[in-house]
Each structure stands twice: as C-alpha cells, then as structure tokens.
Amino acid sequence: MCGGAGFIGSTFTRLRVQEHGDEVTVLDKLTYAGRRENLREVMDEIRFIHGAIEDPIAVADAVGDCEAIVNFAAETHVDRSIADPEGFIVANMPGVLLEAARERDLRYVQVSTDEVYGSIAEGTFTEESPLQPSSPYSATKTGGDLLVASYFHTYGLHALICRGSNNYGPHQYPEKLIPLMILNALAGDRLPVYGDGRNIRNWLYVEDFAHGIGHVLAHGVPGQAYNCGGPDECENLDVVRRVLELTGGDESLIDFVTDRPGHDRRYSLSSQKLRALGWEPRVRFEQGLESTVNWYRDNAWWWEPIRSGAYRSYYERHYGRALKT
C-alpha cells in the first residue's frame, strides 16, 4: 500500500485489516497530509515503512512478499499544484512502483481521480471519455494513468486504474472543502468560498471509495479503468450551507473569495462499469456529511495539531486571512 497514511489510503488500510484480515505493508513518506495518526487503530497490525515511491530501495523493501500493489501516493490539492507544481510532477508519476510490479509480476492498482477528464457541463464521464486535465494536479495524475496503461500494453503488467469522484469523510486534511468548512464553522471563522460557489461536485464517501478500490483489486480486468462515482451531486455553496446547518453556524460566515485559476465547473462520473462488477455506494451525501461533521467535532485530538501548526501559515498566505486562535 503506497501512500497508505493519507486520507483515502489510510481508510483503505483500515478496512483491509479490519474487514478482510489482510497482511498490509504501508509505504508513506509522511508529507504534511500523510500522518501516522491516520493509522492509529491498526498500526500494531501492519508493517509500516517511512519512504517515498520514487525511492527504489524503499520500494523494494516495501513490496517484499506482497501479492499486489495499490498506489494512493500523490500530491492531491489543486491549489497547491497551481502555486508549486514541481512536487506534483515527481510524486504523481509511479515509474519506480511499476518497475517493481513488473519485476515481480504483481497485480497493480493505480488510484486516480475524476479530474483527469476535466469539466463537463451536462451528462457524465465514462471510462471512454477523453482525458482533458486542466490543472497541474490533474495533468500529473493523467500522466500517471497513461504510464500505468503503457505498462499493461507493453509488458502485460496486471495493471488497473480506479478513478474516484470527490471524496469526503473522517481524517481528511483540512485544506479540502468539506473539512475546511467544518473546522472553520466550529471555530467561528469565515468560510472562504471560491467565485460564486456554483461549482458542482460528485460526492463520494471515503469508505465507499475504499470498497470500490478493493472491488477493482479483486474483480477488475487488467488493462481497464473503472470509474467510482458518488451517488449525489451538489454545488459547493450548498455544501457550505449544509455544514453551517449541522454545526449551528450562521450564513453570515460565508466569505466569497477570488476564484482559483482554471476552476473546473462540474465533475460527474458514471460508475456503470464498476457497478456491473457488484459494487454500489452505500452512503448518501446527507448521511455521510452529518457523520463527517460529527467525527470532526468529536476528534479535536486529530485536527488541533494541524490547525495550530504550519497549516495556519499556508491558510493565511492562500486566503489572505488569519484563522482564530
């Protein structure tokens, strides 16, 4: 499991250990969003290696006797990719992992994103839709997907791709929309909303995505990509208003800020191909959002060190506003 200490990777790790009893090795370089705290429940039941996917020595140590590689490792925040794309170019290209999988004839799953397709005004993306990324983040993820596909076509690697829509849930770093709005609302801070707030996202609860990835790992056909979309679409502004309702905040806290460059208007994924394998999302957005708000409210131990550390400086630079103490 590469990037297994991040938001989605740690969720997948916990589910594989707790629901399947798998023996899991996690390789993670523990950047700002990859945290040991995300694995606290299962740390004694996994093998953890602190290292990067671009380091062949760390990768060789991690793959060991593994039967499969699932790659979550990535720099994922679009805003950071716009400000400083170099780290994304390095972290989002899995060449060393693919070589390790090829040498050992391992099954390989690349965890990707709906953002590789770009924005869609109407309808929904399928796996046959053209790849039209619009940010350094999505462009590097697209490059990673193409590299994975090339290893299947050239070497016959048992490689698959699973593309998820916007994930949310516990343990998500607070730079992303939903945890950002939850924590700001709980603290009484302003809630920064890009542009007019009418951008539409297809929301997928993180455990549903983890189960979808597991389904692709077990049942997917090598060489294929599978979309894993959420059951509900929602405008960002509506998400913010729902968070305020759940936290008891007032809409006067909403603060419209300058839109980010190249902001995609709408994402939408068709999951028919993955549903045909037997996967279904279990959590509707209303239920999942309430559960997520409750988790952040009840787990200040997890987010207080983030909100009081380097994240504060990042937030002030990015939004031109300071968080409350």
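Me: How many bridges join strand E5 to E9?
Reply: This is a predicted model. Strand E5 covers residues 159-164, and its pairing with E9 runs parallel. Within this pair, Ile161 stands opposite Ala225 in E9. The number of bridges joining E5 to E9 is four.

Me: Which residues of strand E9 point the other way from Ala225 and Asn227?
Reply: In a regular strand, side chains alternate between the two faces of the sheet. Strand E9 spans residues 225-228, and Ala225 and Asn227 point one way. All four of its residues named here are buried, on either side. The residues pointing the other way are Tyr226 and Cys228.

Me: Is Ser112 buried or exposed?
Reply: Ser112 sits in strand E4, residues 107-113. Its relative accessibility is 6%. The cut-off for a buried residue is under 20%. Ser112 therefore counts as buried.

Me: With which side chain does the side chain of Ser112 make a polar contact?
Reply: Leaving out residues up to four places away in sequence, Ser112 touches Lys141, Asp145, Ile161, Cys162, Arg163, Gly164 and Phe209. The polar contact is side chain to side chain, at 2.8 Å. The partner is Asp145.

Me: Which strands stand at the edges of the open sheet of three strands?
Reply: The order in this open sheet is E6-E8-E10, with mixed pairing. Each edge strand has a single partner strand, so one side of each is left without a neighbour in the sheet. From one strand to the next, the twist averages 45°. The edge strands are E6 (166-168) and E10 (232-235).

Me: In which sense do strands E8 and E10 pair?
Reply: Strands of a sheet pair through backbone hydrogen bonds, either parallel or antiparallel. Strand E8 takes in residues 200-205 and pairs with E10 over four bridges. Trp203 stands opposite Asp232 in E10. The sense of the E8 and E10 pairing is antiparallel.

Me: What angle does the direction of helix H9 make with that of E10?
Reply: Helix H9 is formed by residues 236-247 and packs on the sheet. There it touches E8 and E10. The angle between the directions of H9 and E10 is about 90°.

Me: What volume does the largest pocket have?
Reply: The largest pocket is lined by 17 residues, and the closest to its centre are Glu23, Val24, Cys66, Glu67 and Ala68. Helix H1 (7-20) and strand E3 (68-71) are the elements that give two or more residues to the lining. The volume of the largest pocket is about 470 Å³.

Key
Residues numbered from 1 in each chain as written. Predicted model: local features only at pLDDT ≥ 70, side-chain atom pairs only at ≥ 80, totals over all residues. Heavy atoms only, no water. Buried < 20%, exposed > 50% of the residue type's maximum accessible area, 1.4 Å probe, protein only. Polar contact = N/O pair within 3.5 Å; in protein donor to acceptor, adjacent residues only side chain to side chain. Contact = heavy atoms within 4.5 Å. Pairing = 2+ DSSP bridges. Axes fitted to C-alpha atoms, helices over the stretch in contact; angles between N-to-C directions. 1 Å grid on protein atoms, 1.4 Å probe; cavity = no way out; pocket = protein on both sides within 12 Å on 5 of 7 lines; lining within 4 Å. Points joined across faces, edges and corners; volume = space filled by probe spheres on them.
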